[in-house]
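Hi everyone, thanks for coming.

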Amino acid sequence: MASCPPFLLDPQPPPPLVAVGRCRSPLAGRAHLLTSCCGPCPRPRRRQSCRCSSPSSSSSSSSDPRGRSPRPRQQKQRTEQRPGRSSGSAVDPVGFLAKTGVSDRAFAQFLRDRHKAFKDRRWDVCSRFIDLKEGSSGFELMGMHRHRQHRVDFMEWAPGARYCALVGDFNQWSATENCAREGHLGHDDFGYWSVTLEDKLREGQEPDEYFFQEYNYVDDYDKGDKGVDVEDLIRRMNEEYWEPGEIKSRRSQLERVAKLYEEMFGPNSPQTEEELGEIPDAQTRYNNWKATQKDGLSSSSPSYDIIDTGQEFDIFNVVTDRASFEKFQTKAPPLAYWVEMRKGRKAWIEKYVPAISHKDKYRVYFNTPDGALERVPAWATYVLPDAEGMQSYAVHWEPPPEEIYKWRYGRPRVKGSLRIYECHVGISGSEQKISSFQEFTSNVLPHIKYAGYNAVQIIGVVEHKDYSSVGYKVTNYFAVSSRFGTPDDFKKLVDEAHGLGLLVLLDIVHSYASAEEMVGLSLFDGSNDCYFHSGKRGQHKYWGTRMFKYDDVDVLHFLLSNLNWWVTEYRIDGFQFHSLSSMLYTHNGFSTFTGAIEEYCNQYVDKDALIYLILANEMLHELHPDIITIAEDATYYPGLCEPTTQGGLGFDYWANLSIPEMWLWHLENVPEREWSMNKIMKVLISSNHNMLSYVENHNQSISGRKSFAEIILNTGMCSSGSVDDDSIFRASSLLKIIKLITFTTSGGAYLNFMGNEFAHPKRVEFPMSSNDYSFQLACRKWELLDKGVHKHVFSFDKDIMSLDENERITKRGSLNVHQCDDTSMVISFTRGPFLFVFNFNPEVSYELHRVGVDEAGEYQLILNTDETKYGGRGELNSSQYMKKTSDKRVDGCRNSLELALSSRSAQVGIQVGPNLKNLGSNNNYCDRPSNPYPPKMGYHCQCL
């Protein structure tokens with residue numbers, strides 16, 4: 001037998017999850033000032049099907065992602081608690097260790113130290129941005145934004161710059177015309193630069209009478225111009241809003257001050273201390289004043305009794321008349337009056353020339369200690385390449401209101417397991433070119449829905465300069481890739497996917513960034529440590545990328561806002577965090593790793609990166625309770641999917657990267673007759689709680705590797721060979737049982753890369769210098785869907801998805817493995833009422849093979865890989881689709897079944913109830929044993 005790699009001998013998956021509720025913020029135990037800032041903050045309750053949630057979870061907080069704009073210079077603290085947060089749940093930094101049986105002291109102490117550092121880091125964020133909501137809403141203030149007062153505001157973070165200006169088409173690329181003002185209004189102590197672009201008056205137009213004149217640009221853009229002025233508004237406010245006696249008219253704001261001054265220093269004021277007399281105490285002065293005011297005050301006037309008791313002044317402890325206070329609180333503020341002063345978009349266009357127009361090109365100009373430089377703004381939302389292909393530029397995206405994309409569908413709610421279809425927009429077409437968002441929406445989305453998947457995960461969407469990097473060397477984090485289309489094109493893609501009931505997940509890369517300087521974030525402000533670490537720590541050892549400074553509050557502001565931006569602006573339903581091992585360790589995951597517990601807490605672990613992931617999950621699940629987060633970590637860091645209040649990182653799912661590597665190693669190194677069933681099952685089910693499983697994703701098809709179909713199938717015969725050809729039959733049979741056992745052992749999530757559902761015969765190879773920039777392998781051969789073995793494999797894959805859609809197999813609890821025999825090469829296990837039997841033997845078929853089952857009764861065969869419609873032999877007859885148990889003990893079970901197993905085949909059976917005949921039409925196969933595979937797999941049998 002061929003040698004086995006270490007990851008098969010001793011796999012180290014993350015510990016299993018337990019259901020716990022979301023608890024208060026770790027900051028809640030600090031001083032009262034911190035409590036008022038961050039407040040007790042339980043994580044909102046997630047989807048009901050998620051194993052991380054608990055019935056005791058507190059109600060979710062408001063999901064509105066657009067709160068107050070983040071203020072980099074804001075220092076005051078919030079005193080009220082956030083809604084939806086309870087203060088009764090406890091935080092245990094090492095809580096999940098006891099549940100998973102881990103008793104390592106060093107790792108437990110590391111978790112406690114990490115929790116303390118996390119509280120300090122969250123305190124730093126809340127001190128600057130009030131709370132996580134505002135700390136993750138930087139996109140509302142940063143970058144380019146249209147202001148209602150006929151101007152455009154721009155803000156950028158560049159602490160290493162000495163001078164900042166905007167250059168572009170709108171000012172003939174002048175570095176002096178539109179620059180930041182002197183003083184704190186243009187540049188603050190944290191390195192934030194502000195530039196204002198004033199709209200220009202058209203010839204013959206007069207300036208607005210009021211400097212605060214506002215215009216409607218988007219909301220009610222066709223309304224306005226009512227001719228209301230300030231005097232009319234104040235008069236109406238006095239007459240309609242305020243009640244008689246609530247306000248006192250004064251000729252001047254200094255009237256009361258002048259009267260007080262006259263009393264103290266006027267001609268009739270006391271001239272000597274004797275005339276002044278003894279000053280009574282505050283209570284006496286108040287009583288005397290109250291007596292003089294009784295007859296003159298209106299009954300409707302609010303009474304605020306403020307008495308100086310000698311204690312420290314506190315505006316929240318003012319003694320007031322409760323009745324008048326509550327009466328005042330019930331009134332809505334008179335903002336409606338001021339809104340009437342706004343003018344419409346037509347009036348704005350008639351009076352002003354926009355300072356910067358829709359689709360204008362621009363960059364940001366910095367003067368640094370090392371000289372002048374131009375950069376694409378870090379918060380730019382649309383970036384296009386230069387004509388020479390050297391330097392990109394940002395594009396101001398401000399379409400007219402009538403052209404703005406209107407959302408048509410709401411977010412879908414997926415019940416049961418996740419069936420994810422991973423894809424890349426650029427290679428999704430059949431032509432040898434870069435496909436667009438529009439082509440993907442029209443051609444690929446309907447196929448995904450038809451294939452039975454309920455989520456689409458898109459890679460390479462975020463803007464990147466190098467197309468051959470598959471989109472993982474990101475340059476502009478807030479922009480969709482312009483090579484695929486415009487921001488509105490991507491919005492339409494997401495909207496149409498939601499209309500089909502598909503979730504949209506984004507493969508996000510926050511573990512490293514492109515080292516490009518002219519278009520990316522590297523040396524953004526001329527310094528080497530703006531967004532990234534300086535020195536060797538800021539460089540990825542093998543990929544030539546830059547590593548983020550996760551301990552910097554402003555970098556956290558950027559990354560957290562980026563996550564919130566995609567959910568808010570494009571309505572993304574979740575993220576897969578790419579290559580966490582690159583950020584969690586200073587060796588970037590390229591080191592000998594045995595999986596020992598000390599390797600998760602030694603000097604090579606980046607504690608700041610772990611804290612960022614905890615902050616990201618807390619922010620996402622607090623603001624967007626239905627969000628889905630997936631961890632892609634080759635080292636399986638302990639606690640990936642544990643709640644953050646129990647010492648975990650807070651992800652919903654973790655991707656088991658060992659499964660595809662295990663299959664690849666067997667296919668390439670081990671003769672099929674020598675496959676070990678025990679080693680296969682050890683990798684598949686060693687810990688499948690909240691586990692995302694897949695046979696292969698894009699990694700198995702890219703970077704010079706071959707797809708499994710290319711390895712298993714004889715590609716020269718796939719398209720033209722007949723199903724009866726023995727080599728194709730044997731290869732397709734093996735591919736089907738690999739797919740089925742991987743899917744049925746998953747922990748509630750399964751992923752398939754685009755094209756693998758029909759055994760795409762070619763790998764993926766992006767255009768690069770090594771292939772003369774050819775697109776021959778950068779496309780998908782969709783025409784194979786209706787041909788030969790590809791048609792049969794797709795039909796089988798589709799029926800697996802339909803089976804899970806109807807019966808929710810992967811959400812049926814844990815597996816009970818009854819038989820795993822290396823000699824017979826047979827595996828059998830149950831999951832709920834379902835029985836799964838696999839025969840991996842490439843040569844031997846079993847006419848009567850006995851497998852053990854827990855429950856006695858009848859079992860109906862509902863899926864058989866050897867069916868002719870799946871390209872099989874169809875060796876089972878109709879009488880073999882219903883089996884009854886016997887009381888013979890096998891595999892440690894009290895009952896057993898005798899099954900006919902063809903070589904390289906698998907069967908799925910379901911236990912049926914005694915009242916099966918009474919179920920009527922709800923069970924399409926139950927009363928027709930001769931036709932056990934009805935159309936669309938629409939069966940719903942009673943499960944015991």
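**A short tour of the model**

Let's begin with Lys-359, which is exposed, at a relative accessible area of 52%. Exposed here means over 50% relative accessible area, buried means under 20%, and partly exposed is in between, with a 1.4 Å probe and protein chains only. Lys-359 sits in the loop between strand 6 (352-353) and strand 7 (361-368). Helices (H or I, at least four residues) and strands (E, at least two) are DSSP runs, numbered from the N terminus. Lys-359 has a positive phi of about 75 degrees, although it is not a glycine. Most residues other than glycine have a negative phi.

Arg-808 also is not a glycine, and has a positive phi of about 50 degrees. You'll find Arg-808 in the loop between helix 23 (788-807) and strand 21 (816-821), and it counts as partly exposed at 39% relative accessibility.

A word on where this comes from. This is a predicted model, in which local features need pLDDT of at least 70 and side-chain atom pairs count only at pLDDT 80 or more, while totals for chains, interfaces and linings use all residues. Residues are numbered from 1 along each chain as its sequence is written, and side-chain values use heavy atoms, leaving out hydrogens and water.

How confident is the predictor? pLDDT is its confidence in each residue, from 0 to 100. The chain averages 81, and 80% of the residues score at least 70. Confidence is highest in helix 14 (residues 487-499), at a mean of 97, and lowest in helix 2 (residues 32-38), at 35. Where pLDDT is low, the predicted coordinates should not be read in detail.

Now, strand 23 (residues 834-839). Six of its six residues are buried, so this strand is largely enclosed by the rest of the structure. Phe-834, Phe-836 and Phe-838 point one way, and Leu-835, Val-837 and Asn-839 the other. In a regular strand the side chains alternate between the two faces of the sheet.

Which strands pair with strand 23? Strands pair if DSSP finds at least two bridges between them. Strand 22 (residues 826-831) pairs with strand 23 in the antiparallel sense over six bridges, with Val-826 opposite Asn-839. Strand 28 (residues 905-912) also pairs with strand 23 in the antiparallel sense, over six bridges, and there Val-837 stands opposite Gln-907.

Last stop: helix 17 (residues 607-623). Because 16 of its 17 residues are buried, helix 17 is largely enclosed by the rest of the structure.

Definitions and conventions. Expected span 1.5 Å × (residues − 1). pLDDT = per-residue confidence, 0-100.
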